[in-house]
Amino acid sequence: MYIHGSFLSQQSDTITVHIVTGNDRTQTIEIGTEKADVYFSEDPAEIENEVNDTFDVLLRNSAKIRLLCGNLITNLFSTSCRDAVVNIYKNDTCIFAGFIEPQTLSQPYNNRWDELELNCIDALSALQYSKYKNVGALGVIYAFVKAEAAQRSFYDIATEVLQGVTEGLDILGNQNIKFWYDGSKAVDAQTANRYQVFKQLSISDLLFLGDDESDVWQQDEVLEELLKYLNLHIVQDGFNFYIFSWESVKATPDKIIWHDIVANSTKTTAQQAVTIALANVADCDTTISIGDVYNQLLLTAKVEDIESVIESPLDDDLLVSPYINKQKYLTEYSSDGEGKTAYNAFYAMTHNQKTTYGAGAITDWYLQVMRNKQWTFPMKGNTDIDIVDYFGSEGTNQHALPDWLGQAPGAAIMALGSVKMNTANDDNSPTSKVNMTNYLAVSVNGNGIDNDENKTYPSVADIQKNIPYAVYTGNKAGGVFSPSDEKTTNYIVLSGKVILNPIMRQTNTYTNLHNKEWHGGLPMGLKENEIYVWHQTVPSRNNGDGRYYTRQYWQAGTPDKEVSWHEGADSGFYPYTGEGPEEYEFKYSAVGDSTDTISKVAVLACMLVIGDKCVVETGTDGQTTDFVWQKYKERSECQSDDEYYQQCFTIGFDPKIGDKLVGTEFSIQNNIDYKMGIDAEGIAIPITKGDKISGQVRFMILGPVNATWDIITRRHPTFFRHTKWSSSSVPLLAHVSSILIKSFEVKVYSDNGLISNGNDDNDIIYMSDTKETFVNKKDDLEFKINSALTATECAKLGVSNTVKLSTPLNISTGDGVLEVYDRNGNVKAKPEQIYVDSYYTEYHKPRIVMEQKLRDIDNVVSLFNHYRHEALDKEFFVQGIGRNLIEGRADLTLKEIGT
């Protein structure tokens, strides 16, 4: 519906109101006609100033339109904010553009004509009704928006918000929306950069999107924080939006040169110094008061730290399963010893018979395949096929994926847990729950052959053709990981546990043990349906004679169905039990040297790319000095696979003398010592200011490192190759069934310039100085976007440095923003300092606030004029303007200009 009409003000100006509801003009109502039966009331329209004080960033206005209606007009009820658009013109100039406030319409229906009051809000007020990126609106899904989050310029964010709310705002369609900026803040004092600050600073979308959908910022909060950081304000005047600082308005009247940040056009506003006199006042109803006075201002920087460089694949909060529950996947049957008692007990176990043998055990393993939406696990190196999606798309046959991993290279996330029953039956208490642990499993499936390079599995080609095993692609936003000064070093720290899960030989497969006859004599003359079991033991950690051992695999259509024996499936995945063989003892570092000088046994090769840089490990010991950041080259830019894959580093462990390399759970190598100034353990990769590391994070587990063991470990510079084979070389992977990672995290830390404040949890507070005895504080000021800090600044503020999501980036330098240029004060300083100084100057002395009614005449009433009251001998600037349109009166809220 299109509703329009005009009336004449007492100043002989034509006031026109246009309203469009539901973006539909098929029905037209002209106000003031007998046919419409709708008329303007005696006080038909007014614009109200909604500004509280100069701390407001969004200087909002509202309007009221009062109609006399003979009939109910249901179309004027708005269910959402932008359903009904309102334009109010004074002659040919739009003086208000906004919307009917949603869900507030109340129309009486008692008299011949009932007065209907429409409450309207301007575009800046309308921002409060929408979330950032319109999350929650029809078709806008939070998960998809967050996945596409990027590091974006202030310009892109602000114009997206403003252009979004003003789309369709011009009902007549003959005006352009303008966004004028006064150029009061810039990255530096260069003339060319005066109006470019919005395009030269960037911030991460992730700051505004929060941890979940309920945390997403409203659009008005986003725009407010962007402008507040630069101590700027925005006001709407019809189809013109003005972005300015109060210092520009309070300066000696001259002119303000505006620049449209979208259209790149300019215009000049001449500032008038208007003396309040009988000729221009509308009435004598003037109100004078003293504004708030504060002699101390405290600005708190609300910091959003970046803790994790990548989301851990094993984070419980990020894991979901394509299957409705865990299910029993594997049963281990073990009978320690090789004598008759152990033999008979083993027979009973594998034939569903009871036994009370004290050294026997039956262990049921439960498994649930998990999915982390940030991680994909390519099938045979094909990044277009994810193993979890391939096997789990329908939520059936959960056993299929681990069965496949037991025979083919690949990786997946699985939750594993077990219930162990001792066959002695000396404890009949029930097991209340199965404790599940998340693992990232990388299948290797070594064949145990280490004396023939041509027969050993996996070979160089086997590993190479399956690269990569796992891929993490972070938000496009990423982060700024380099510190702000040369004294500080940040570290990316990888931590967790790693296991080279050994090949666990079986006495025989469960299928054979269960279905075939056990030959009782010597191992000769076996019939087709017979197997020989006597003395066919495998290594045991509990018995020097070994143990009889086998595995039975289970299957189920869905986890809520009873499992059945998966007959014939004898080569599936098996977890680390802690009871299998331990192999390859670390005895010494070199021939004749019994000291521990080996710092790292490399296990997995990884590639970490942040923005356009990647980390490369130049040494073999995994020390911090072994890592360098260099320009990342795509595969197409490299001459060979070797060149491309040498842009990587390795995850490994640091054994001590006497440790067994295979079959032992190790912590990921720690290269951090107390002198580095960070409280963490793991592999630390240093980042300096000069590295300029920022942007999207990508992380790949390329594959297992093809290390050889020849008293000491050796690895080739290209991870999937091995060093030259010798008669005593043992390829470790040939003796590994899988590589298991648990408790894996990749976090970022700062050494704080090696300054210890002992105040990691302190807030960052910027405070104005005061020498008065009585202190009236204003301590509710907050910056949600905050500047980077140098080590020296951290020491002065008594805080510790961190990598911050809430710190903007200078796009041209790639560094966190330390300072901006304030043109009015001709000073380059921290935005927080500029903010505090500005408001301290304004509020530390009493200032007169005056409400004055003037005739709404061009050149007399303007947002940017100065007004002088001769009797008070004071000069004032405009804080806000309201208008009574029938009287042709402007209601100005003025504040004294002081020093």
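Does Tyr645 count as buried or exposed, and at what relative accessibility? At 13% relative accessibility, Tyr645 counts as buried, where buried means under 20% relative accessible area, exposed over 50% and partly exposed in between, with a 1.4 Å probe and protein chains only.

The views show a predicted model, in which local features need pLDDT of at least 70, side-chain atom pairs count only at pLDDT 80 or more, and totals for chains, interfaces and linings use all residues. Residues are numbered from 1 along each chain as its sequence is written, and side-chain values use heavy atoms, with hydrogens and water left out.

**View A. Aromatic pairs of tyrosines.** A search of the whole structure finds 41 aromatic pairs; rings of Phe, Tyr and Trp (its six-membered ring) pair if their centres lie within 6.5 Å, and planes under 30 degrees apart count as stacked, over 60 as edge-to-face and the rest as tilted. Tyr181 and Tyr195 form an edge-to-face pair, at 6.2 Å centre to centre with 85° between the planes. Tyr181 belongs to strand β11 (residues 178–181), whereas Tyr195, 14 residues apart from it, is in the loop between β12 (185–186) and α4 (197–200). Helices (H or I, at least four residues) and strands (E, at least two) are DSSP runs, numbered from the N terminus. Both Tyr181 and Tyr195 are buried. The ring centres of Tyr644 and Tyr645 are 4.9 Å apart and the planes stand at 70°, so this pair is edge-to-face. Tyr644 is buried, at 8% relative accessibility.

**View B. The open sheet β51-β20-β52.** Three strands make up this open sheet, with mixed pairing; two strands pair if DSSP finds at least two bridges between them. β51 (764–767) and β52 (777–783) are at the edges with a single partner strand each, so one side of each has no neighbour in the sheet. From one strand to the next the twist averages 25°; axes are lines fitted to C-alpha atoms, for helices over the stretch in contact, and angles run from 0 to 180 degrees between N-to-C directions. Four bridges join β20 (residues 296–301) to β51 in the antiparallel sense, and Leu299 has Tyr766 of β51 as its bridge partner.

**View C. Helix α15 on the sheet.** Helix α15 (residues 831–843) lies across β20, β51 and β52 and runs at about 155° to β20. Its buried residues include Ile834, Tyr835, Tyr839 and Tyr843. Tyr835, Tyr839 and Tyr843 also belong to a cluster linked by ring pairs, with Phe55, Phe154, Tyr229, Tyr294 and Phe783.

**View D. Ile88 in strand β7.** Ile88 is in strand β7 (residues 84–90) and is buried, with a relative accessible area of 0%. Its C-alpha atom is 4.7 Å from that of Val17, 71 residues apart along the chain. Beyond neighbours within four places in sequence, the residues in contact with Ile88 (heavy atoms within 4.5 Å) include Ile15, Val17, Ala63, Phe96 and Leu885.

**View E. Nonpolar cores.** The largest nonpolar core has 209 residues, and Phe699 and Phe744 are among those with the most contacts inside it; such a core is a set of buried Ala, Val, Leu, Ile, Met, Phe, Trp, Tyr and Cys residues joined through side-chain atoms within 4.5 Å. Strand β38 (residues 601–610) gives the most to this core, with ten residues. Another core, of 30 residues, lies apart from it and includes Ile19, Leu67, Ile95 and Phe96.
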